[in-house]
Amino acid sequence: MMKKIKKWIGFVWIYFCNLLPIKQNKIVLFSYYGSNYGCNPKYISQYISEHTANSFDLVWAFNEPESKLELPHVRKVKNMSWRYFYEVCTAKVVITNYRTTDLFIKRKNQYYIQTWHSSLRLKQIEKDAENTLPASYLQMAKQDAAKCDLVLSGCRFSTDIFKRAFWYDGEIFEHGTPRNDLLYQSGSRQRDHILARLQLPKGKKLLLYAPTFRAGNHEVVYDLDYQPLSQVLQEKFGGEWLVLVKLHPHLSAATKQFHDGKQVIDVTSYDDVQELLLLADILITDYSSLMFDFAITKRPCFLYTPDLEQYANAERGLYFTITQLPFTYATNHQGLYGNIISFQAEVYQQDVVTFLDEVGSYEYGRASERLVKRLEEVCFDYKTRGDIL
């Protein structure tokens with residue numbers, strides 16, 4: 001009852017705030033419902049801060065704003081606070097990477113950009129996975145789709161998914177995903193900055209292990225034997241290896257049981273997985289869309305899928321069979337070690353190029369730049385469409 005009362009009070013406050021003037025240059029952003037500073041909204045915001053900071057009023061919503069570092073040219077607000085609703089209701093543009101709830105009542109002259117949270121994905125989503133998703137989520141997703149003015153796409157394959165399964169028939173912005181712009185940056189200064197934040201030494205080779213989440217928390221599927229894995233990596237690629245383990249936030253309380261030893265470092269709480277991809281010399285994942293982001297780098301990616309049959313049948317359908325992907329896969333440790341030992345860089349890189357061509361990748365490292373030109377048009381009526389296209 002109290003939740004219902006609070007929600008109705010919230011609707012009254014939203015109604016009042018929606019009577020206030022819209023601030024033409026204000027952009028409100030949030031990522032994963034306010035839980036972090038990352039994904040596409042971060043890179044859009046960062047590009048604005050670095051290139052056109054004086055043009056926009058940037059507001060970020062966080063569940064714990066006090067835990068976030070001070071962000072240049074950004075005002076922080078607590079998610080779902082009175083101030084948050086005021087900022088959202090008076091913003092010209094709202095940008096997020098996940099579905100919004102019914103507490104976002106879009107105004108007539110507002111512009112809502114749905115960036116989504118992957119450039120391409122293995123697991124089916126939205127209408128394609130309708131039989132496996134809760135009815136409450138489906139209702140929220142349909143309502144959110146009706147609010148969208150622009151959806152970002154990382155490739156032609158994703159555009160087809162959005163047209164078919166997103167309950168959306170509006171404009172799709174086919175210029176790549178802002179979070180992947182970072183992966184086109186190879187400067188050592190950026191890498192050194194991230195290493196320093198993570199307190200990692202220079203000169204080590206880095207393996208990122210980033211599995212996706214499974215319903216039911218079947219913890220055995222996340223278990224890698226890191227000592228022999230590190231030995232295999234050293235034998236094949238040389239150098240000294242550190243393993244970075246990035247688990248799903250739902251597993252953060254249990255991360256210690258999935259790794260041990262000085263050469264294995266838990267980075268589960270680190271907000272920005274794209275920065276971890278930039279650091280990584282090798283990625284091991286399972287069904288995560290990170291494989292498609294990492295493919296841009298052409299660095300080795302291996303799939304460890306001990307529950308492949310169960311996952312494909314019980315979780316959701318898949319857009320690709322495992323053999324259609326340019327990455328080798330293994331269902332046990334020995335198979336994984338064998339794939340690493342037999343890895344051939346030239347063959348792998350050609351397979352990746354072929355795959356990216358087949359899905360029609362739009363990634364070329366300028367997605368944020370292109371989108372900010374659109375934001376200037378939306379907010380200030382700049383005629384930049386010719387430059388965008």
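Reader: What is the volume of the largest cavity?

Author: The model shown here is a predicted one, and the values that follow are computed from it. For the largest cavity, the computed volume is about 90 Å³.

Reader: Which helix gives the most to the lining of the largest cavity?

Author: The lining of the largest cavity is made up of 13 residues, and those nearest its centre are S119, L120, F292, L356 and S361. Two helices, helix 9 (290–295) and helix 12 (345–359), each supply at least two residues of this lining. The helix that gives the most, with three residues, is helix 12.

Reader: How many residues in the lining of the largest cavity are charged?

Author: Sorted by class, the lining of the largest cavity has eight nonpolar residues and four polar ones. The number that remains to be named, that of the charged residues, is one.

Reader: How many cavities of 30 Å³ or more are there?

Author: Besides the largest cavity, with its volume of about 90 Å³, there is a second largest cavity that holds about 30 Å³ of space. With the cut-off set at 30 Å³ or more, the count of cavities comes to two.

Reader: Which helix supplies the largest share of the lining of the second largest cavity?

Author: The second largest cavity is lined by I14, N18, F85, V88, C89, L103, F104, I105 and Q110. By class, seven of these lining residues are nonpolar and two are polar, while none is charged. The largest share, three residues, comes from the helix spanning residues 82–89, which is helix 3.

Key: Residues are numbered from 1 along each chain as its sequence is written. This is a predicted model: local features need pLDDT of at least 70, side-chain atom pairs count only at pLDDT 80 or more; totals for chains, interfaces and linings use all residues. Side-chain values use heavy atoms; hydrogens and water are left out. On a 1 Å grid over the protein atoms alone, a cavity is a set of points where a 1.4 Å probe fits but cannot get out, and a pocket is an open set with protein on both sides within 12 Å along at least five of seven lines; lining residues have an atom within 4 Å of a point. Grid points are joined across faces, edges and corners, and a volume is the space filled by probe spheres set on the points. Helices (H or I, at least four residues) and strands (E, at least two) are DSSP runs, numbered from the N terminus. Ala, Val, Leu, Ile, Met, Phe, Trp, Tyr, Cys and Pro count as nonpolar, Asp, Glu, Lys and Arg as charged, and the others, Gly among them, as polar.
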